[in-house]
Amino acid sequence: MNIGILGAGSWAIALAVLLHKKGHKINMWEFNARDASMLSEKREHPVKLPGIHLPEDIVISTDIASTVAFGQMVICAVPSQTMRATMKSVVANTSKDTIDNVEGWVIVAKGIEIGTLKLMTDVLQEEIPGLTADKVLVLSGPSHAEEVSRDIPTTIVAASENLKLAEKVQTEFTTDAFRIYTNTDIRGVELSSSVKNVIALAAGICDGLGLGDNTKGALLTRGIAEMMRLGKKMGAKIETFSGLAGIGDLITTCISKHSRNRHFGELIAAGLSLDEALAKMTMVAEGVTTTKSVYELSKKLEIEMPITEGVYKTLFEGKNVKAAARDLMVRDVKPEWW
């Protein structure tokens, strides 16, 4: 199968290497001409995914139309806050017939758009004329690029309203080290993969403050409760949050040394301001912008999400991290399930 990949960051590179080993032909688009040239020449990104070699026959270009035209499947691996601009570029530079020939659009970005509060599936369907839900899929779960690229056993979920599309991706993308399950609750999977990054920021703050295992266990458990509360209000299936894209990805992101969001929380706990912490990051921590979107969603939908609110006030209102942690503990007591 011919697969086009929009983006050339760590996750895009990991998927390119994985799918190339499976026997697929890969064409990658990178918007930054300097990075595209570097990847084409060195066949490795020394900052984003050091030590992982891109095979010589993987094409890397700055021509977005050629990547879309190449792909029977197109993987959307750009950061969530640039997804809309990327789709606008696809439409502006690619013929409608070429776009219509794409069998499936596979979203691997994890985030909620600032301002519109839209999920990435919504963004694609708004920006690509005539694109219907049966051609859109979300691929998500506990899957750090550093491990997937090295064939460390990983299990994720392919979610689409179109079960046949999910099963096709399952068949074409699964390897001995990369196992895929299917799911038709695409909204639940997308919400899970986005909101867990907010909880991961809180986990990093806990680690940075030197809090214990009891605290981390409580944070993850009450974090999944917030994710479920939001999901239920937005029409997702509650059981999805107990699966790979929910609790699976949440655990991984909150404990892993590879987690950008957890690391960002550590920087905040160390006393850095939002801008200072952002300046230290070499890659995007999606949870920062997602925190703003989830907080606004919680207010709009009148959902109580105290961990999210604490993270938001710490990042964007300068609230002291120790005070934020204490405030979570002294809230009014209540039943566990409500």
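**Exercise 1. Determine how strand 4 pairs with strand 5, and how strand 4 pairs with strand 1.**

Solution. Strand 4 and strand 5 (residues 104-107) are parallel and share four bridges; strands are DSSP runs of E with at least two residues, helices runs of H or I with at least four, both numbered from the N terminus. Two strands count as paired if DSSP finds at least two bridges between them. Within strand 5, Ile107 is the bridge partner of Cys76. Next, strand 1 (residues 2-6) also runs parallel to strand 4, joined by four bridges. Here Gly4 stands opposite Val74.

The model is predicted: local features need pLDDT of at least 70, side-chain atom pairs count only at pLDDT 80 or more, and totals for chains, interfaces and linings use all residues. Residues are numbered from 1 along each chain as its sequence is written, and side-chain values use heavy atoms, without hydrogens and water.

**Exercise 2. State which way the residues of strand 4 point.**

Solution. Met73 and Ile75 point one way, Val74 and Cys76 the other. All four are buried (under 20% relative accessible area; exposed is over 50%, partly exposed in between; 1.4 Å probe, protein chains only).

**Exercise 3. Locate the buried and exposed residues of helix 8 (residues 163-173).**

Solution. First, Leu165, Ala166, Val169 and Phe173 are buried. Seen down the helix axis, the buried residues fall within an arc of 100 degrees, so they line one face of helix 8; the arc is that of the directions from the axis to the C-beta atoms. Finally, Lys164 and Thr171 are exposed on the other side of helix 8.
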